Amino acid sequence: MTDLAVSSRTTSATDATSAALSVRGLWKVFGPNADKLLGTPDLELSRQELQAKSGHVIGVRDVSFDVAPGEVFVVMGLSGSGKSTLVRLLTRLIEPTAGTVVLDGEDLTGMGEDQLREIRRRKVSMVFQHFGLLPHRKVIDNIAFGLEIRGEEKSGRRSRAQEMVDLVGLTGYELNYPDQLSGGMQQRVGLARALAGDPAVLMFDEPFSALDPLIRRDMQKEVIRLHHEVGKTMVFITHDLDEALKLGDRILIMRDGEIVQVGAPDEIIGAPADDYVRDFTAEVPKSHVLTLRWVMRPPGSADEGAGAPALPDTTVVREAARAVLAADGPVRVVDASGAVVGVVDDEDILRVVVVEQRAPAGAR
Amino acid sequence: MTTTLEPARPAPTKEAQPVAERATSRRTGRKLLAVLALWVLAWATLRGRQTLELANADTTGLHDWFNDVRDRVQLLGQDNWFFHGVLGTIASGLDTFVGVLQEHLSSVTPGDWLGWFGVLLLAAWVTYALAGLRSTLLVTVVLLFLGLAGLWTDGIDTLIVTIVAVVICMVVGLPLGIAMSRSRRTSAVVTPVLDAMQTMPSFAYLTPIALFFGIGPACAIVLTLVYALPPLVRITEHGLNSVAENTVEAGRSLGVTKGQLLRQVQLPMAKRTIVVGINQCTMAALSMATIAALVNGPGLGKPVIAALQTLNVGAAAVAGLGIVLIAIMLDRTTTAASERSSPAGQRVAAVGSPGIFGGRTLVLEKLPRWATEEGGRGTDRRFLTPSGRRLVLAVLLLPVLVGAYYSTRYLQLSQFPDLSGVPVLGELTAGPLGGHINDLTNAVVDAISGVTNGFKDLVTAVMLNPLQSLMSDLPWWVMALVLLAVAFLLGGWRPAVVTLVCEAVVLGTGLWYDAMVTLTMTLVATVIVMLVAVVLGVAMGRGRRADTVIRPFLDGFQTIPAFVYLVPALALFAATRFTAIMAAVAYAVPIATKLVADGVRGVSPATVEAARSTGITRWQMISKVQLPMAREALVLATNQGLLYVLSMVVIGGMVGGGSLGYLIVQGFVQGQLFGKGLAAGIAITALGIMLDRIARHAAARFGR
Amino acid sequence: MARATHRTALVAATAALALGLSACGGGNIEQPSASGSAGGGGKECGDLRIAVNPWTGYVSNAHVIGYVAQTKLGCKVTYPDVKEEVGWQGMASGSIDTIVENWGHADLTKKYVDEQKTVQDAGLTGNQGIIGWYVPPWMAEKYPDITDWKNLNKYASMFKTSESGGKGQLLDGDPSYVTNDEALVTNLKLDYKVVTGGSEAALITSFRQAEKNKTPLLAYFYDPQWFFSEMKLVKVNLPEYTDGCDADAKKVACDYPPYALNKLIATKFAESGSPAVDLIKKFQWTNDDQNAVSEMIANQNMSPDDAAKKWVEANPDKVAAWLS
Ligand SMILES: Nc1ncnc2c1ncn2[C@@H]1O[C@H](COP(=O)(O)OP(=O)(O)O)[C@@H](O)[C@H]1O
Ligand SMILES: [Mg+2]
């Protein structure tokens with residue numbers, strides 16, 4: 001596997017060595033002669049052109065990023081943009097064409113089957129869109145499956161699985177079979193199974209896409225709660241921006257297998273990298289996402305807004321609105337160290353809120 | 001031979017009592033153990049008493065009565081309006097019809113209508129018109145092989161008999177299948193008859209049929225009908241019944257009549273399935289080729305039987321290969337033709353539940369891609385538009401007709417030339433090819449017969465003999481109770497009732513002891529079949545390459561007449577019960593393997609991937625995910641394996657299997673034992689239905 | 001012949017391509033060889049349907065008679081393949097004219113010849129059917145005294161197999177015959193068990209393997225049989241057959257009687273006046289004659305007709321006697 005030059009698009013939250021997951025120059029080309037294609041000018045072609053020319057499909061193109069321990073990292077993009085491929089590359093369920101993946105300090109790239117299996121057993125777990133449950137096993141046995149696979153004895157894995165059942169709120173359904181449960185409950189089983197092995201990293205591939213909206217919202221809350229309780233690193237795939245914004249500490253936006261932008265939710269909304277992202281985010285209620293940092297302006301004078309209490313720059317616009325509108329003049333915005341970084345006034349706030357109201361119905 | 005009398009019970013929903021379910025299955029296990037313990041105890045104390053063993057030459061009143069009936073019918077037959085008038089007319093009509101076809105197509109005596117070249121051209125042209133280029137190539141190669149191997153006349157005769165039989169099957173079977181799908185009562189009445197038609201070994205009724213229809217093509221065709229009709233009827237019924245409920249409902253909501261529903265909705269939607277039925281019917285018809293030769297039926301069975309007389313394995317194998325190739329040819333061509341004739345949207349495999357494939361027929365459920373017309377090209381891209389093809393066909397017609405005409409004029413185009421002297425092709429002519437096969441067989445036999453005989457002795461000593469003693473050396477009523485208890489514990493009261501009836505029938509035939517010996521061998525063979533089928537099936541289900549390599553062998557073993565491999569089997573294992581078991585295994589493994597492979601392949605890829613993400617090993621994947629999820633297919637494979645094994649009992653009787661199989665063979669050749677043979681046939685049918693029902697209900701109960 | 005030049009290039013090319021024929025059809029097909037006129041001067045022969053039972057000795061009889069009938073009498077001969085029972089049935093119903101080697105079949109004889117009178121005896125074939133117990137040549141050589149039944153018990157343990165349950169195995173069972181073997185074993189107090197082989201192929205294969213691997217084998221067999229020209233099996237002598245010693249099947253303790261094989265002819269055919277009737281009635285030859293033809297068919301892979309032709313041409317005197 002050739003190690004391609006580290007992409008310029010790399011953004012890192014932490015330096016690579018302490019990251020829970022670190023990805024460099026990852027490529028996946030589907031097709032009969034994918035390996036031979038590397039390093040040829042053909043790779044510069046667009047996805048459509050390449051497919052027309054040689055029948056190869058670029059699933060993932062030169063992707064690099066890092067995920068910090070405990071972070072919820074969301075990968076987002078339209079259907080077909082390569083998200084599923086990317087997440088499978090991270091555990092080598094699909095073999096990368098090029099690039100490296102370092103998970104919890106271990107380089108997966110050159111690993112043999114046995115080592116890799118060990119990683120999958122202990123370090124990462126996945127939750128799938130279509131659950132991937134075993135229909136012939138009861139709920140409790142599905143949850144204990146990973147433990148069974150790694151050879152834990154029956155009593156131990158039963159009690160651990162029971163903990164997980166309780167954790168995801170399935171108490172009482174242990175002895176049912178998956179097909180007797182609703183979709184939401186089935187996905188709870190999927191979640192519990194992933195958590196049972198106590199992995200360092202959890203990966204979700206559009207876990208809630210198949211669920212109806214109310215259940216989906218429940219499940220999202222569930223994930224947030226679990227994240228609070230167990231504090232795992234998570235890589236979360238979705239095509240739903242709303243979900244991404246709700247869950248993600250940081251969001252990676254993909255298009256045609258490439259990274260378009262990586263950043264915190266407010267960065268994505270506040271400074272979309274291009275029209276693709278802007279279109280994407282057009283209907284998002286900005287006041288719910290943007291922080292004051294994105295609407296403030298430099299203080300006109302040193303004492304502007306001194307009369308009102310200062311607000312931290314991480315406050316979401318919607319939450320700051322009342323205070324700002326109630327204040328007589330501009331309000332100061334301070335950063336984590338307390339230094340004044342800007343001011344906002346009624347007009348700054350209203351610009352965000354009013355645009356939103358003019359936006360077509362559908363924004364929430 | 002697998003449909004139930006009553007529609008299979010849906011598995012009880014687990015929603016109701018998930019916890020109770022567990023307990024049931026555990027309790028059943030304990031009860032079965034208790035039955036086993038009592039059984040062994042009874043064996044230890046009562047062994048050797050009331051076993052109902054009947055000496056070889058002895059007969060019972062029933063057997064003599066059968067003989068009597070036969071004699072009376074035969075006397076009547078001379079001038080009875082039915083036997084002589086009706087059946088006789090049908091027979092001579094069929095004989096004449098086939099005779100005319102033979103004269104024009106297969107016979108190569110000079111002056112006939114068509115020589116081989118004309119037949120070849122016409123066959124290729126028709127295939128191209130109906131099925132496409134690949135099929136045309138296949139047909140050409142197969143026909144050329146037949147000519148080359150000196151099997152031209154016999155091969156074309158086989159085709160004639162098969163096609164005539166299949167056409168008659170369609171005329172009778174399609175309306176019958178439709179009637180069964182529309183009326184529960186018809187279905188309930190006809191199904192057991194179909195069961196009997198398929199499980200009753202043809203040897204048992206061959207003589208009476210020859211009595212009514214004379215010897216020759218008519219008799220061969222009637223024999224073939226008996227065996228080939230059931231799969232067509234069953235699959236037609238199944239296809240119509242399984243048209244989606246909501247489609248039927250939608251039709252009803254528009255106010256269609258029953259007839260409209262059938263014509264406009266059900267028949268078009270079931271078309272694919274019905275085509276599969278016709279296909280199965282064709283394969284079943286072909287599998288009768290050898291047996292038909294025993295009543296002077298024309299075709300490739302003749303050289304097979306002739307070669308067996310002199311134990312010429314090579315010659316038998318060449319003729320057998322002819323049958324295999326014809327089977328593959330008909331199978332692939334009809335499949336391609338039906339695909340071509342249905343609109344693209346309908347091309348989804350409509351095979352549905354393969355549970356209805358019958359007795360000795362070939363299952364073609366999912367063809368490997370290379371074998372279908374579309375194979376090789378990913379999509380439905382054709383070289384020619386339909387109108388372009390029509391033009392090509394029209395243009396080609398002229399040379400075809402000219403060629404056909406010349407084939408009646410020139411010796412070389414009429415009689416297939418003898419090419420045995422020609423360098424490469426010469427090796428494919430019957431003599432050398434048979435010689436090579438003989439050499440190969442001898443080499444293999446010499447190399448491994450020591451090992452195989454040791455293996456035979458081992459299996460016989462540790463498995464076969466104890467089990468046989470346990471099942472047959474008991475007072476008959478103990479074993480009857482054991483079977484009843486097992487049927488009840490595994491399947492509930494319904495199969496228990498069936499078992500009771502079947503036991504009564506077996507008892508009535510006076511052949512209880514032999515039936516138990518046969519049952520023992522059947523069970524042992526089925527166990528071996530499933531062991532092999534799981535290994536091969538898992539390999540095939542998991543890998544394309546394994547599938548491509550293994551599948552042609554399976555097709556071959558499924559269609560090649562067992563007579564071909566009897567002699568090598570005898571050389572490897574001597575004339576023993578184990579040889580009979582191995583012959584049955586060779587025949588039943590293909591179907592079981594294909595079903596297992598399908599099941600494994602059918603496991604949802606999403607589940608497989610999810611399992612993989614947990615760091616599962618290959619072995620864990622097979623044992624914990626793929627096999628359990630393919631449980632339904634495993635059950636079906638076991639059921640079919642069992643019935644296929646049972647259908648080889650007669651063949652087994654010829655290689656040392658003794659018991660019922662031998663009695664049937666004996667009844668066929670010795671007039672005074674006809675009745676006993678027929679009784680043995682009935683006993684086999686009873687065993688088959690009993691095992692089928694127990695397996696089926698047990699599957700509905702425990703197969704999740 | 002003139003038409004040969006009319007061949008279109010296309011046909012020739014296709015044919016040559018398809019098969020690599022060097023020369024494609026030298027000439028026209030000759031018209032059917034209408035050698036219809038009978039040689040005997042009597043009535044026209046017409047159709048002759050000789051049943052063919054599935055063993056090679058029988059095939060030899062059938063094709064030698066058929067060949068003579070065809071070439072000398074101008075009959076149109078067909079050979080329907082049937083098992084014995086079906087052949088009798090066919091004669092009764094009129095679809096078969098003759099069976100040319102019949103092994104006893106007292107029950108069928110009673111039914112069709114004596115009661116229905118649809119079948120008639122057509123005289124002996126001259127062949128002697130000998131049924132008995134045989135061992136492969138190597139055994140007779142190594143254990144010369146084994147050919148006396150009294151010594152069988154001495155060797156019983158040698159014949160043990162997986163099927164014989166601790167006793168010696170006596171391999172039986174071509175299904176065509178009811179044997180007395182079980183009664184013989186009991187009545188002669190032999191420490192043997194009768195095991196069902198199931199077919200002639202089973203018996204022959206067993207002998208071949210036994211001879212090749214020098215393994216012991218005792219089996220039921222019969223002569224004439226082409227296999228004797230491949231391997232000289234040695235008969236074990238049972239207590240000599242005397243008239244009536246096999247009257248009670250349960251108490252038999254003597255050897256099988258020699259069978260005088262005969263021919264059968266359908267009554268309808270016998271009354272048709274066909275010259276072939278005479279031929280069939282007069283046909284007679286020896287075991288050696290039959291085995292010679294059978295050997296050509298079985299071991300030299302000759303077609304039955306070729307073998308018959310060869311024998312007929314080599315034995316004009318015998319053939320002439322049948323036609324006189
Ligand atoms: N096994 C494969 N072979 C060929 N192309 C594939 C394969 N898997 C995915 N692709 C292609 O890669 C692209 C990305 O697919 P995927 O990762 O599933 O997208 P997403 O999950 O974002 O919807 C798609 O164009 C898809 O067609
Ligand atoms: Mg996806």
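Let me start with one term: pLDDT is the predictor's confidence in each residue, on a scale from 0 to 100. We need it today, since what you see above is a predicted model.

So, hello everyone, and let's begin with chain A. Its average pLDDT is 83, and 92% of its residues score at least 70. Where does pLDDT stay under 50 in this chain? One such stretch is residues 1-14 of chain A, and the model still gives that stretch 30 contacts beyond four places in sequence. Another is residues 359-364 of chain A, again with pLDDT below 50, and here the model has four contacts beyond near neighbours in sequence.

Now chain B. The mean pLDDT there is 79, with 84% of the residues reaching 70 or more. If you go helix by helix, the lowest confidence in chain B belongs to α17, residues 423-426, with a mean of 65. The highest is in helix α20 of chain B, residues 493-509, at 93. Chain B also has stretches where pLDDT stays under 50. Residues 1-22 of chain B are one of them, with 53 contacts beyond four places in sequence. Residues 344-381 of chain B are another, and for these the model has 111 such contacts.

Next, let's look at where chains A and B meet. The contact involves 24 residues of chain A and 23 of chain B. Together they bury about 2300 Å², and carbon and sulfur atoms give 56% of that area. How many salt bridges cross this interface? There are two. In one of them, R88(A) pairs with E609(B), and the closest N and O atoms are 2.3 Å apart. Eight residue pairs are also in polar contact across the interface of chain B and chain A, both residues being at pLDDT 80 or more.

Which helices of chain B each bring at least two residues to the side that touches chain A? They are α1 (18-46), α25 (605-613) and α26 (618-629). Of these, α25(B) gives the most, with seven residues. Sorted by class, that side of chain B has nine nonpolar, six polar and eight charged residues.

Let's move to ligand 1, which sits among residues of chain A. Around it you will find, among others, F30(A), R47(A), V57(A) and L78(A), plus the run S81(A), G82(A), K83(A), S84(A) and T85(A). A polar side-chain atom of T85(A) is 2.5 Å from an oxygen atom of ligand 1. For S84(A), a side-chain N or O atom is 2.6 Å from a ligand 1 oxygen. With G82(A), the backbone takes part: one of its N or O atoms lies 3.0 Å from an oxygen atom of the ligand.

K83(A), another neighbour of ligand 1, also forms a salt bridge with E206(A), at 3.5 Å from N to O. This pair links distant parts of the chain, 123 residues apart: K83(A) is in helix α3 (residues 83-89), while E206(A) is in the loop between β7 (201-205) and α9 (213-230) of chain A. Over all chains, the count of salt bridges comes to 53.

Finally, two backbone details. F131(A) has a positive phi, near 65 degrees, and is not a glycine; you will find F131(A) in the loop between β6 (124-127) and α5 (139-143) of chain A. In chain C, the peptide bond from D223(C) to P224(C) is cis, with omega near 5 degrees. P224(C) lies in the loop between β7 (219-223) and β8 (234-236) of chain C.

Technical notes:
Residues numbered from 1 in each chain as written. Chains lettered and ligands numbered in written order. Heavy atoms only, no water. Contact = heavy atoms within 4.5 Å. Buried area = accessible area lost by both parts, 1.4 Å probe. Salt bridge = Lys/Arg side-chain N within 4 Å of Asp/Glu carboxyl O. Polar contact = N/O pair within 3.5 Å; in protein donor to acceptor, adjacent residues only side chain to side chain. Helix = DSSP H or I, 4+ residues; strand = E, 2+ residues; numbered from the N terminus. Nonpolar A, V, L, I, M, F, W, Y, C, P; charged D, E, K, R; others polar. Near = heavy atom within 4 Å.
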